[in-house]
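Please open the model in a viewer and keep a selection panel at hand.

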Amino acid sequence: MGIPENIDMMKKVILVTGGSGLIGKGIETVISSDKKEDEEWIFLSSKDANLLNEKETFAVFRKYKPTHVIHLAALAGGMYARMDNNLDSFRKNMKMNDNILEASRQAKVKKLLSCLSTMVFPDKTTYPVNETMMHNGLPHPSNLGLSQAKRTMDVLNMLYKKEHGCMFTSVVPCGTFGPHDNFNASQANVIPALINRAYEAKKNGTAFEIWGTGAALRQFMYSLDLAKLFVWALREYQEIDPIILAPDEADEVSIKDVAMMILEALDFNGEVTFLTDKPDGQLKRTASNAKLRTYLPQFQFMSTRQAIRE
C-alpha cells in the first residue's frame, strides 16, 4: 500500500526520527522558543516504530502524513562498539535509511534532511575536508560500516532528485555532545564516555583512564548549537549537496585537552592514566565550515570548554 501525501498546503508537519536522542531533544528545546504557527513537530522514538521494518516505517508515515522529515535515527554507538560490528552496522543502517527515503518519496515529502557525520570523509585525505571530498576514498576502518551507510544517503539524495524530483538533502555535523547524551560506558561517544569515566573515578577514588594517547584531534559542537543549525537548514537550506556543520578550524582540540576540561569541570584531582594499548581511532577529521559561513557568517558556536560546563 502506498503512502498518501499531506494535502493541507498551509501546514508543515515535520517528522523527526531519532527524536528522543541527543540531537532530537536539542531540536525540541530550540523550537520550544522558536516554533512557527504553521509548523507541527512530531518527535519519533523507537517506541513509535521499528525503522528497520519497512511496514512499520510506512505505517508511521501514513499515520502522521509528514510534509518534512529530519532523519536523525541511526544505529551508532561509540567507536569501540562500532569497530566490532561494522558489517552489522552497515546492513542495518542501510536498511533503515532506505526505508526512510522511500517512505518520504511515496508520501511526497517536500523536504527530507538527513544527518551524516564528519566520519564519512576518506581516511586518507588532505585537511581540512570539504563537502566535495566525501567520496574520494574509504572512511577510517574503525567506522567503516556506519560511515559508508551514512554517506550512501548523499548518493541516494542525488538519485531521488534526478529520477523523482525529490528535495532530499543532508547535513554533515562534527562530533556533538550535550544534554540527553548517551553516557553508557560501552556505547557512548568520546565526550560522554570521558565524563562517565571521570565521574566514576572521582566517586570511587580510582584513576581516570583515557583510552589511547589522547593525541587525536576533533572539532566538537554543543548539541543546542547543532539543533539551531538543523532548524535553519530545514527552513532555509535549498541545495541537494550536503553542508558541513562545524565550528571554525581554530576551535579543534585534542582528546587529551578535552579530558582535562572535563576533569577541571568535575574538580577531579586524582591520578590520570593513558591506556596507550587502546587505539586512538582516526587521528584527525578537520572539516571546513566555509560553505556554512557563506550562509551564516555571524553564527556563534559555544566553546567546548563552556559547553562541557553546561
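Which residues of helix H8 (residues 255-265) are buried? They are Ile255, Val258, Ala259, Met261, Ile262 and Leu263, where buried means under 20% relative accessible area, exposed over 50%, and partly exposed in between, with a 1.4 Å probe and protein chains only. Helices (H or I, at least four residues) and strands (E, at least two) are DSSP runs, numbered from the N terminus.

This is a predicted model, in which local features need pLDDT of at least 70 and side-chain atom pairs count only at pLDDT 80 or more, while totals for chains, interfaces and linings use all residues. Residues are numbered from 1 along each chain as its sequence is written, and side-chain values use heavy atoms, with hydrogens and water left out.

**Beyond H8**

Select next Asp267, in the loop between H8 and strand E12 (272-275). Its phi is near 55°, a positive value in a residue other than glycine. Asp267 is exposed, with a relative accessible area of 53%. Most residues other than glycine have a negative phi, and most peptide bonds are trans.

Lys65 also has a positive phi, of about 50°, although it is not a glycine. Lys65 is found in the loop between H2 and E3 and counts as partly exposed, at 32% relative accessibility. Then select Tyr127 and Pro128: the peptide bond joining them is cis, with omega near 0°. Pro128 belongs to the loop between E4 and H5.

**The sheet**

Display the open sheet of six strands, whose order is E2-E1-E3-E4-E5-E10, with parallel pairing; two strands pair if DSSP finds at least two bridges between them. E2 and strand E10 (243-245) each have a single partner strand and stand at the edges, so one side of each is left without a neighbour in the sheet. On average, neighbouring strands of this sheet are turned by 20° against each other, direction ignored.

Strand E1 (residues 12-17) pairs with strand E2 (residues 39-43) in the parallel sense over five bridges. Within this pair, Val13 has Glu40 in E2 as its bridge partner. From E1 the chain passes through helix H1 (residues 22-31) to E2, a right-handed β-α-β crossover; right-handed means that, with the strands pointing away from the viewer, the path from the first strand over the helix to the second runs clockwise.

Move on to strand E3 (residues 68-71) and strand E4 (residues 111-115), which pair in the parallel sense over four bridges. Here Ile70 stands opposite Leu113 in E4. Helix H5 (residues 144-164) packs on the sheet and touches E3, E4 and strand E5 (168-173), a contact being heavy atoms within 4.5 Å.

**The nonpolar cores**

Which residues touch the most other members of the largest nonpolar core? Of its 63 residues, they are Ile27, Trp41, Phe61, Ile70 and Phe230. A nonpolar core is a set of buried Ala, Val, Leu, Ile, Met, Phe, Trp, Tyr and Cys residues joined through side-chain atoms within 4.5 Å. Helix H7 (residues 223-236) gives the most to this core, with eight residues.

Select Trp41 and its surroundings: not counting residues up to four places away in sequence, Trp41 touches Ile14, Val16, Ile27, Ile31, Lys35, Ile70, Val231 and Leu234. Another core, of 20 residues, lies apart from the largest one, and its members include Ala198, Tyr222, Val253 and Phe268.

Conventions. Axes are lines fitted to C-alpha atoms, for helices over the stretch in contact, and angles run from 0 to 180 degrees between N-to-C directions.
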